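Subject: Structure handover and findings

Dear colleague,

Please find below the structure that I am passing to you. I would be grateful if you could read the notes that follow alongside it.

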Amino acid sequence: MHSFRFSAEPLPPEAEAARASVRAFLDAERAAGHFVPHRTSWTTFDAAFSRRAGAAGLIGLTLPEAYGGHGRSGLVRFVVTEEMLAAGAPCGAHWIADRQSGPQILRHGTEAAKRAILPRICRGDCAFGIGMSEPNSGSDLAAVRTRAVRDGDDWVINGSKIWTTNAHQVDYLLALVRTGEPGPDRHGGLTQFIVDMAAPGVTVRPILDLSGHHEFNEVFFTDYRVPDAMRVGAEGAGWGLVTEELAFERSGPDRFLSDYRLLVELVDRIGPEPDRFQAVETGRMVAQLTALLGMSASVARLLDQGVVPGVEAALVKDVGNGFERAVPEIARRLVPVEPSLTVQGDAFREALGGVTLRAPSFTLRGGTREVLRGVIARGLGLR
Amino acid sequence: MSRTDHAEAGDAVDGIVLDQVERLLAQHLTPALLAACDGAAGAAAWPADLWAALAESGLPLALVPEAEGGIGLTATTAAQLIRRCGRAALPLPLPETVAGAALWAAAGGQAGDDALSLVPGGSPVRIAPHADGFVLDGRAAQVPWGGSVPALLLDAVDAAGVPHLVRVTAPGTLRDTHHDLAGEPRDTLDLTGRTVPADDVRTAPGWAAEAGVPSVDSVGAWVRAQQMVGALETCLGSALDHAQERQQFGRPLAKFQAIQHMLAEAAGHVAAATAAADLAAACWSDPRFVLATAVAKARCGEAAGHVAAIGHQIHGAMGFTQEHPLHRATRRLWSWRDEFGSDALWQERIGRAVCAGGGAALWPMLVRLRGGAG
Ligand SMILES: Cc1cc2nc3c(=O)[nH]c(=O)nc-3n(C[C@H](O)[C@H](O)[C@H](O)COP(=O)(O)OP(=O)(O)OC[C@H]3O[C@@H](n4cnc5c(N)ncnc54)[C@H](O)[C@@H]3O)c2cc1C
């Protein structure tokens with residue numbers, strides 16, 4: 001009998017205790033008009049918001065105090081994360097650094113990189129991007145062709161990356177590049193580097209998404225020099241590192257709370273006396289979401305115990321993405337409106353418009369649904 | 001004993017009880033017995049020997065506290081016990097008895113180890129004072145094994161509309177018997193004119209009942225959700241095994257991407273249903289019980305249809321036969337999801353509660369449901 005390692009244990013008291021402080025911070029931010037929940041999402045880049053969150057001690061929670069962090073458990077971070085998502089806070093300027101690049105540098109970076117970068121991440125003053133995808137290497141990440149060649153104490157990088165979220169605004173990219181031959185399993189010869197976006201030899205070309213938003217980019221490297229001290233992990237160890245990183249990227253509540261604010265607006269728009277159709281469908285979504293919150297907290301607990309729950313994380317993302325793809329489709333059936341990004345003063349129509357245009361990305365970013373189902377199938381012993 | 005010692009001793013007892021159930025089910029539930037109990041083929045037999053063995057082990061009182069004569073399992077372990085019954089397609093109301101006896105004990109009643117069934121709340125029974133205690137008016141419909149069990153629990157209302165939890169022993173006249181899709185008997189009994197002693201009429205504990213949701217219905221839904229998890233596991237497990245054994249086009253089905261994706265999708269439903277049922281298990285005798293049960297019944301009910309469909313698709317024609325055991329799980333899933341309130345009914349209740357609270361109250365509610373402070 002196959003069984004998954006989920007459990008219904010509540011989060012520990014120290015994690016629940018963190019909830020009040022993050023809520024107080026978010027209430028103050030909203031009251032000051034720093035963000036409008038239904039207009040922003042966690043990917044919205046707002047450097048000033050991230051600096052205030054850093055000052056409030058809400059970033060780098062799991063990083064050690066020696067590097068400016070707070071030395072708290074992953075479950076405290078989990079609570080802060082889900083509260084940010086539920087509030088619709090614009091976390092894009094610190095999200096990736098806090099979720100994956102910072103922890104990755106802590107585990108595998110050089111001392112010099114840790115000292116230079118981690119304290120800035122904790123202050124909310126250092127944004128990271130993920131440089132994995134390339135034009136011919138999306139789902140098939142092993143096909144990465146951007147190459148780094150050793151030159152004295154430096155490496156020289158040539159090639160390009162694509163779909164790089166916020167590359168035009170971040171300070172650094174954690175880039176996966178080829179330093180050797182792939183080998184028989186195709187997973188060899190890849191290495192990760194911290195590339196400084198301010199150094200010469202890098203150009204960024206904007207790509208507009210469906211809503212006309214400039215969020216992701218194409219990045220070109222031309223004889224771009226990066227010191228060996230900015231290598232993360234051993235030469236050729238990149239594949240192991242990115243798969244480890246993806247376990248963190250895939251299991252969080254950001255994988256099913258992207259359109260949480262639409263659900264809130266929907267409930268308010270329906271009002272206190274739903275008809276049966278509205279009540280049933282709203283209840284169905286809430287039951288699904290409750291299950292996901294339980295699954296996601298379980299995975300956070302496992303990660304906190306040092307277990308890398310590959311299948312469970314993939315299940316959270318697959319089921320979670322299915323949920324977040326469905327929310328706008330259900331919402332439009334429950335309340336007949338015409339969605340629009342430019343209508344002002346109708347939060348529901350705006351939220352529906354925004355989410356409808358963003359939703360196709362939910363089952364792509366962080367690994368497509370099809371790739372995730374392959375990961376789950378492997379975990380079930382099918383491949 | 002320190003707290004940890006106590007918890008460890010408790011864990012050991014839990015493990016022993018679960019092993020015991022597993023052993024008894026494996027020993028007794030032969031294909032011949034399962035076929036004899038399958039009412040789709042005629043009358044459903046009541047496997048008295050198996051009930052006697054289960055009662056001998058004290059299992060009917062598994063969830064009743066030790067101080068009241070039970071085994072005192074945690075609700076989380078009792079839920080595991082019920083899931084094992086669901087996995088094995090046990091054709092007896094042990095799950096109903098385990099939860100019903102604990103509900104009755106929580107209402108201050110004295111629970112015995114006889115089989116006890118739960119009466120779904122579809123048609124309310126009325127109750128009035130009488131020289132011998134109380135007299136009933138109405139009928140109990142769709143009662144699992146209602147014609148075979150020595151006692152029933154039901155929700156009734158008095159003339160003032162006040163709800164009561166009532167135990168009816170030797171329930172008597174069968175009006176009608178049909179079988180659910182899995183061939184389990186669902187009986188209708190005429191209760192009009194029956195009297196019950198005052199001791200068998202009680203007030204249900206507050207956690208088990210909420211406005212508009214009678215306690216027996218919510219406990220019945222809780223039981224069905226846990227059983228569904230078991231049947232979902234059986235269905236997924238069988239599909240995984242079959243996909244690895246069955247060869248087509250010179251390789252196992254499991255090697256085809258379409259099959260892998262179907263199984264991954266089914267696994268997602270099983271995982272989500274389990275998470276919801278786990279939460280409900282953790283909320284037994286807690287103020288969150290009814291809402292957590294609503295979520296579990298809704299989510300398991302939704303998973304049931306998807307997982308059964310995928311299970312059958314993967315088993316091909318072989319799974320569409322009485323010879324293959326898959327139907328023991330899928331026919332139960334198709335029945336259980338509609339008993340003690342369909343998934344749509346429970347979704348509607350959740351939806352009404354959420355809309356009444358407004359958007360801002362939703363997040364604190366979700367946090368509370370998972371055991372946080374909201
Ligand atoms: C909003 C957004 C932000 C992103 N941000 C970043 C970022 O910051 N950094 C970064 O590196 N990348 C980023 N990505 C890229 C993302 O990781 C890729 O889009 C994703 O991995 C898919 O690759 P692709 O787009 O090349 O699609 P392809 O790999 O070409 O896939 C196209 C389709 O074919 C399917 N497919 C491919 N291979 C298989 C297979 N073996 N079996 C079955 N189906 C298959 C896919 O599932 C998909 O449906 C972002 C993407 C989006 C949408």
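The notes below take the interface between the chains and then the ligand site.

This is a predicted model, in which local features need pLDDT of at least 70, side-chain atom pairs count only at pLDDT 80 or more, and totals for chains, interfaces and linings use all residues. Residues are numbered from 1 along each chain as its sequence is written, chains are lettered from A and ligands numbered from 1 in the order in which they are written, and side-chain values use heavy atoms, with hydrogens and water left out.

Interface of chains A and B

Chain B places 48 residues in contact (heavy atoms within 4.5 Å) with 53 residues of chain A. About 4200 Å² is buried between the two chains, and carbon and sulfur atoms give 69% of this area. Buried area here is the accessible area (1.4 Å probe) that two parts lose on being put together, summed over both. Of the area that chain B buries against chain A, 19% is supplied by Cys355(B), Trp363(B) and Arg370(B), more than by any other three residues.

Four salt bridges (a side-chain nitrogen of Lys or Arg within 4 Å of a carboxyl oxygen of Asp or Glu) are found across the interface. Arg370(B) also meets Glu82(A) through their side chains in a salt bridge, at 2.7 Å from N to O.

On the side of chain B that touches chain A, helices H6 (215-245), H7 (257-282), H8 (289-315), H10 (343-357) and H11 (359-369) of chain B each supply at least two residues. Helices are DSSP runs (H or I, at least four residues) and strands likewise (E, at least two), numbered from the N terminus. H7(B) gives the most, with 13 residues.

Ligand site

The ligand is surrounded by 15 residues (a heavy atom within 4 Å), the closest being Ile130(A), Ser133(A), Ser139(A), Thr368(A) and Glu370(A). Because residues from chains A and B surround the ligand, the site is shared between chains. Strand E3 (residues 154-165) of chain A contributes the largest share of this shell, three residues.

From chain A, an N or O atom in the side chain of Glu370(A) is 2.6 Å from an oxygen atom of the ligand, and a polar backbone atom of Trp163(A) is 2.9 Å from a ligand nitrogen atom. From chain B, an N or O atom in the side chain of Gln257(B) is 2.8 Å from a nitrogen atom of the ligand.

Yours sincerely

Technical notes:
A polar contact is a pair of N or O atoms within 3.5 Å; within protein, one must be able to donate a hydrogen and the other to accept it, and residues adjacent in sequence count only if both atoms are side-chain atoms.
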